[in-house]
Amino acid sequence: MKVIAFVIKIGLILSLMLGWAVSSPAANLKTIEQLTEHKICPSFLWKPCNLEGANLQEFDLSKVNLSGANLRQANLKNATLKYANLSRADLREAHLENTNLLGANLSHAQLSDANLTQSSLLEVNLTLANLSHANLEKAKLLGSRLWGTNLTQANLTSTSLRGTNLQYANLENSNLSFADLDSLLFRDATQFTNLSNANLEGANLEGVNLETVILQGAVMPDGSIHE
């Protein structure tokens, strides 16, 4: 009898673990309801909040806590995420077009291949975030912190980067054509920013200090190639 009871217990534990591991539409809807009502996404022990592929278009998620959440391929078009905590969140391939992220914390977040076209990223913290291959065309990043941010091969065409902190950022092979970098400050001489092979054609570099910027192979605003 003890052996049978032990087997039953093991079966129950395994079924619970499988239930947590496999997401369902019903569970996803329940998670979204809790998120909108309590501004926090439920998680359990090692299992992070799971909103992978969730439709959150036009949702007001201001000041929500989604730290470490799985939002891969989620639809957040036209959503409001002002002052939200998205640190260490997985937003790979997420749809963030026209999203308001004013003052949000996206430090250490994974945003590779995400679409942030025309999104508002004013005063956002993107410290050590990964935005490789992300689309940031016409996005507004005024006053944002991109310290050590990975922006390799990102599309920053016509993006506003006024007053942005890009210390240690990697923008190798990125597209910054017609971007506005007016008064952008690359600070201390020991803190290099990598713009090698970047496209800066037509960009506004007025008042920008380029002394600590790596520009090897970059296309400059006048179309010339930096040696």
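This is a predicted model: local features need pLDDT of at least 70, side-chain atom pairs count only at pLDDT 80 or more; totals for chains, interfaces and linings use all residues.
Where in the chain is the place of Trp147?

Figure 1. Trp147 sits in the loop that runs between α2 (25-38) and β1 (193-194). With a relative accessibility of 26%, Trp147 is classed as partly exposed. The C-alpha atoms of Trp147 and Thr193 are separated by 9.3 Å in space, and the two residues by 46 positions in sequence.

**Figure 2. Overall arrangement of the protein.** Two helices and two strands are present, in the sequence order α-α-β-β. Of the 227 residues, 43% count as buried.

**Figure 3. Salt bridge between Arg72 and Glu93.** The closest N and O atoms of this pair are 3.1 Å apart. Both Arg72 and Glu93 belong to the loop between α2 and β1, so their pairing ties together parts 21 residues apart in sequence. Arg72 is partly exposed at 27% relative accessibility, and Glu93 is partly exposed at 32%.

**Figure 4. Salt bridge between Asp90 and Arg92.** The N to O distance between these side chains is 2.7 Å. Asp90 is buried, its relative accessible area being 15%, whereas Arg92 is partly exposed at 28%.

**Figure 5. Salt bridge between Arg162 and Asp180.** Here the closest N and O atoms lie 2.6 Å apart. Arg162 and Asp180 are each located in the loop between α2 and β1, so the pair links parts that are 18 residues apart in sequence. Arg162 is partly exposed, with a relative accessible area of 38%, while Asp180 is buried at 19%.

Technical notes: Residues are numbered from 1 along each chain as its sequence is written. Side-chain values use heavy atoms; hydrogens and water are left out. Helices (H or I, at least four residues) and strands (E, at least two) are DSSP runs, numbered from the N terminus. Buried means under 20% relative accessible area, exposed over 50%, partly exposed in between (1.4 Å probe, protein chains only). A salt bridge is a side-chain nitrogen of Lys or Arg within 4 Å of a carboxyl oxygen of Asp or Glu.
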